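This report walks through one structure, from its ligand sites to the overall fold. Please keep the sequence and the 3D view at hand while reading.

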Amino acid sequence: ANDLEICSVSKRYGDPPGGLLAVSDISLNVRMGEFVSIIGPSGCGKSTLFGIIGGLLPDYEGEVRVGGRRHVGTHKDIGIVFQEESTLPWRTVLANVALPLEIQGVPRAEREERARHYIELVGLTGFENSRPVELSGGMRQRTAIARTLAFQPKVLLMDEPFGALDEQTRLLLGDRVLAIHKELKQTTLLITHNITEAVQLSDRVVVMSYRPGRVLRIVEIDLPRPRS
Ligand code: ADP
Ligand code: ADP
């Protein structure tokens with residue numbers, strides 16, 4: 001079974017016949033454990049597609065299914081990592097990562113143990129009691145990734161997660177995300193405009209092409225992973 005099925009989704013901003021068709025009839029299946037990147041030029045509809053998949057945009061045509069079931073609204077089946085700062089500044093790293101578990105009502109000892117596991121996975125052991133302001137941008141983004149992983153979502157959705165970082169941090173964090181993917185085998189969808197990043201991290205790259213006023217098309221490139 002496909003973990004994530006995107007079935008003929010379209011999204012128009014504004015009312016027809018005017019308005020803008022930002023995403024036009026896109027279908028895509030992401031298999032369980034697969035890492036797929038979506039690349040494309042600015043304005044081709046990546047963020048709109050992300051909003052549809054993540055349940056952030058309520059009004060669209062088509063359907064998104066996770067594990068065979070229709071996905072509506074924001075739901076813990078899909079964990080989202082945003083480009084922009086999303087750590088809570090008044091909370092420590094540990095309390096940030098434990099937050100989703102707290103919301104789910106997981107008892108303190110258990111949620112802290114689980115949070116520590118994800119903190120270790122992103123390489124922040126020793127920084128549990130730090131606050132985001134004391135960390136670098138890369139470390140804050142790793143905290144956000146650990147927090148999303150703590151949900152144990154079926155699908156990890158990342159929208160330009162390294163976009164705000166410098167090139168060196170971007171590369172380090174990309175390597176780390178790939179290592180985590182290999183360990184957790186988490187179904188992952190990455191939206192990026194960085195083709196190098198997409199090729200380095202993914203099993204498959206989906207290229208969204210776009211000409212103003214014309215239907216976009218998508219091209220898929222399979223990338224056999226080098227054996228290591
Ligand atoms: P990308 O993420 O690839 O840059 P977007 O999904 O942000 O693409 O945008 C796709 C198109 O939809 C663009 O032409 C953009 O200007 C337009 N658009 C995005 N958001 C809105 C909105 N809220 N209202 C109207 N048009 C929008
Ligand atoms: P990133 O945070 O993505 O690893 P940065 O270059 O932003 O990359 O890290 C900022 C600083 O924090 C660097 O000097 C780095 O050595 C230090 N640092 C990052 N992670 C750790 C860690 N787990 N333990 C100790 N120091 C770290």
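Which residues surround ligand 1? The shell is made up of Y13, L20, A22, P41, S42, G43, C44, G45, K46, S47 and T48. Bear in mind that this is a predicted model.

**The site of ligand 1**

Start with the polar contacts. The backbone of C44 places an N or O atom 3.2 Å from an oxygen atom of ligand 1. K46 also takes part through its backbone, where a polar atom is 2.9 Å from an oxygen atom of the ligand. T48 uses its side chain instead: an N or O atom there lies 2.5 Å from an oxygen atom of ligand 1. On its own, ligand 1 has 560 Å² of accessible area, and the protein covers 59% of that.

Which elements give two or more residues to this shell? They are strand 2 (20-31) and helix 1 (46-53). Helix 1 provides the largest share, three residues. By class, the shell holds five nonpolar residues, five polar ones and one charged residue.

**The site of ligand 2**

Now turn to the second ligand. Around ligand 2 stand G123, F127, S136, G138, M139, R142 and T169. Helix 4, residues 137-150, gives the most to this shell, with three residues. The shell divides into two nonpolar, four polar and one charged residues.

Polar contacts are found here too. A polar backbone atom of G123 is 2.7 Å from a nitrogen atom of ligand 2. S136 brings a polar side-chain atom to 2.8 Å from an oxygen atom of the ligand. In R142, an N or O atom of the side chain is 2.7 Å from an oxygen atom of ligand 2. The protein covers 50% of the 540 Å² of accessible area that ligand 2 has on its own.

The table lists the contacts of both sites.

| Residue | Part of the residue | Ligand and atom | Distance |
|---|---|---|---|
| C44 | backbone | ligand 1, oxygen | 3.2 Å |
| K46 | backbone | ligand 1, oxygen | 2.9 Å |
| T48 | side chain | ligand 1, oxygen | 2.5 Å |
| G123 | backbone | ligand 2, nitrogen | 2.7 Å |
| S136 | side chain | ligand 2, oxygen | 2.8 Å |
| R142 | side chain | ligand 2, oxygen | 2.7 Å |

**The chain as a whole**

Step back to the fold. How many helices and strands does the protein chain have? Its secondary structure comes to six helices and ten strands. Along the principal axes, the C-alpha atoms fill a box of roughly 55 × 40 × 35 Å. The radius of gyration is 18 Å. A compact globule of 228 residues would have a value near 17 Å, so the chain agrees with that expectation.

Buried residues make up 49% of the 228 residues in the chain. The chain exposes about 11600 Å², and carbon and sulfur atoms supply 52% of this area.

**One residue up close**

E110 sits in helix 3, which spans residues 108-121. E110 and V133 are 23 residues apart in sequence. In space, their C-alpha atoms are 26 Å apart.

Methods: Residues are numbered from 1 along each chain as its sequence is written. Chains are lettered from A and ligands numbered from 1 in the order in which they are written. This is a predicted model: local features need pLDDT of at least 70, side-chain atom pairs count only at pLDDT 80 or more; totals for chains, interfaces and linings use all residues. Side-chain values use heavy atoms; hydrogens and water are left out. A residue is near a molecule or strand if one of its heavy atoms lies within 4 Å of it. A polar contact is a pair of N or O atoms within 3.5 Å; within protein, one must be able to donate a hydrogen and the other to accept it, and residues adjacent in sequence count only if both atoms are side-chain atoms. Accessible areas come from the Shrake-Rupley method with a 1.4 Å probe; for residues, only the protein chains shown count as cover. Helices (H or I, at least four residues) and strands (E, at least two) are DSSP runs, numbered from the N terminus. Ala, Val, Leu, Ile, Met, Phe, Trp, Tyr, Cys and Pro count as nonpolar, Asp, Glu, Lys and Arg as charged, and the others, Gly among them, as polar. The radius of gyration is taken over C-alpha atoms; the globule rule is 2.2 Å times the number of residues to the power 0.38. Buried means under 20% relative accessible area, exposed over 50%, partly exposed in between (1.4 Å probe, protein chains only).
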